[in-house]
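Please examine the sequence and the structure shown here. The briefing that accompanies them is grouped by topic.

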Amino acid sequence: MSISVSARDGATISRLAPVKINLALHVTGQRANGYHELEMIVAFGDFGDHISVTPALHDDFTVSGYYAPFIPLNNDNLVLKARDLLRAQNPSRCLPVHIHLEKKLPIAAGIGGGSTDAAAALTALNELWQLNLPYETLLELGLQLGADVPMCLHSQQNGAPLLVRGIGEDLSPLVEFPALHILLINDGTALATPTIFKALHKRDNPSLIAPDAFQSIDEVCAYLHKTRNDLFKPAETLAPQLQSHLHELTASGADFVQMSGSGATCFAIFSTRENMLQAKQQIRQAHPDWFVVTTQTYGSH
Ligand code: C5P
């Protein structure tokens, strides 16, 4: 399934900022600047935040959505950093703009958040301002904003799952990978990514087994059972309840469960949509105050 994240309504350009799910995350080293060498399998779903950009008399930034009260509205926001970085490339073309962010993804949750918003903003503004910056240039700018922004920029072009290496800049689309039925849960715990990386005990962990072509969800799950999320242990020291969340997902009938990114969002893959919806209902009933969302990830076709 190809991704469709862009829409134009008059002068407004809107884009989905898709949820990012780290299906596997191996930490294999650390660079002199402190950043970690990673090997990850990443998928993007049809759920996420929404960014819209409209020409305006003055720059403006507004937010809505359940998680809007939790994000900074000043220049610490990655969306505004993205706007300013892009504007610096060609100040005379980049006229005032109203950016609206509908925040549906929890904050500091390991599923993209600010990075996917920044990628959607870069792409939407490149189009609105008719800068025509090539994808490669956007990738370079994105990396200046954060290590996860390049992979999220890829999701703006083509949602195919990725093998990601380096600190997050080395992207290889997976050529044969099915769409997945995924349930995401978060109990409201915010985990700061730098804190989780700092709490790692071991940084030179074994590499991923190179991903093959996957014909079915079963084959993906069989592969993922041989992978890890090396950030789970440090996340668990700060949020010990994570292990029981994974058990709860397994008990709900999942074929594979894991934490995404630096947490604390956990996810479950189901072999069928019906099983996923049943589990969602069960977990929502048990935990009415949790973030409990289903998504279909984009496959390679
Ligand atoms: O690049 P970004 O600001 O999104 O990264 C947040 C933090 O996560 C970094 O400050 C760093 O502590 C950690 N990180 C890392 N290695 C990576 C990516 C992120 O150590 N490859």
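Predicted model: local features only at pLDDT ≥ 70, side-chain atom pairs only at ≥ 80, totals over all residues.

Residues are numbered from 1 along each chain as its sequence is written, and side-chain values use heavy atoms, with hydrogens and water left out.

**Largest pocket**

- The largest pocket holds about 1100 Å³ of space. A pocket here is an open set of points on a 1 Å grid over the protein atoms alone, where a 1.4 Å probe fits and protein lies on both sides within 12 Å along at least five of seven lines. Grid points are joined across faces, edges and corners, and the volume is the space filled by probe spheres set on the points.
- The pocket is lined by 44 residues, of which Leu78, Ser115, Asp148, Thr193 and Pro194 are the closest to its centre; a lining residue has an atom within 4 Å of a point.
- At least two lining residues come from each of β2 (12–30), β3 (36–55), α1 (78–87), α2 (114–128) and α5 (193–198). These elements are DSSP runs numbered from the N terminus, with helices being H or I of at least four residues and strands E of at least two.
- By residue class, the lining comprises 23 nonpolar, 15 polar and six charged residues. Ala, Val, Leu, Ile, Met, Phe, Trp, Tyr, Cys and Pro count as nonpolar, Asp, Glu, Lys and Arg as charged, and the others, Gly among them, as polar.

**Annotated sites**

- An unreviewed UniProt entry annotates Lys20 and Asp148 as "active site".
- UniProt positions follow the numbering used here, feature names are shortened, and annotations may be inferred rather than shown by experiment.
- Under "binding site", the unreviewed UniProt entry lists Pro106, Ile107, Ala108, Ala109, Gly110, Ile111, Gly112, Gly113, Gly114, Ser115 and Thr116. Among those that also line the largest pocket are Pro106, Gly110, Gly114 and Ser115. Pro106 is in the loop between β5 (97–102) and α2.
- The unreviewed UniProt entry gives residues 216–286 as "domain: GHMP kinase C-terminal". This stretch is 55% helix and 13% strand, with its end C-alpha atoms 31 Å apart.

**Helix packing**

- The axes of α1 and α2 lie 8 Å apart at an angle of about 35°. Axes are lines fitted to C-alpha atoms, for helices over the stretch in contact, and angles run from 0 to 180 degrees between N-to-C directions.
- The α1–α2 contact (heavy atoms within 4.5 Å) brings Leu78, Val79, Ala82, Arg83 and Leu86 of α1 against residues of α2 including Gly114, Ser115, Ala118 and Leu122. Its residues divide into eight nonpolar, three polar and two charged.
- The axes of α2 and α3 (residues 135–145) come within 10 Å and cross at roughly 145°.
- Between these helices, Ala118, Leu122 and Asn126 in α2 meet Leu138, Gly142 and Leu145 in α3. Four of the contact residues are nonpolar, two are polar and none is charged.

**Backbone**

- Most residues other than glycine have a negative phi, and most peptide bonds are trans.
- Gln130 has a positive phi near 50°, and Asn132 has a positive phi of about 55°.
- Gly263 and Ala264 are joined by a cis peptide bond with omega of about 10°. Ala264 is in the loop between β9 (256–259) and β10 (266–270).
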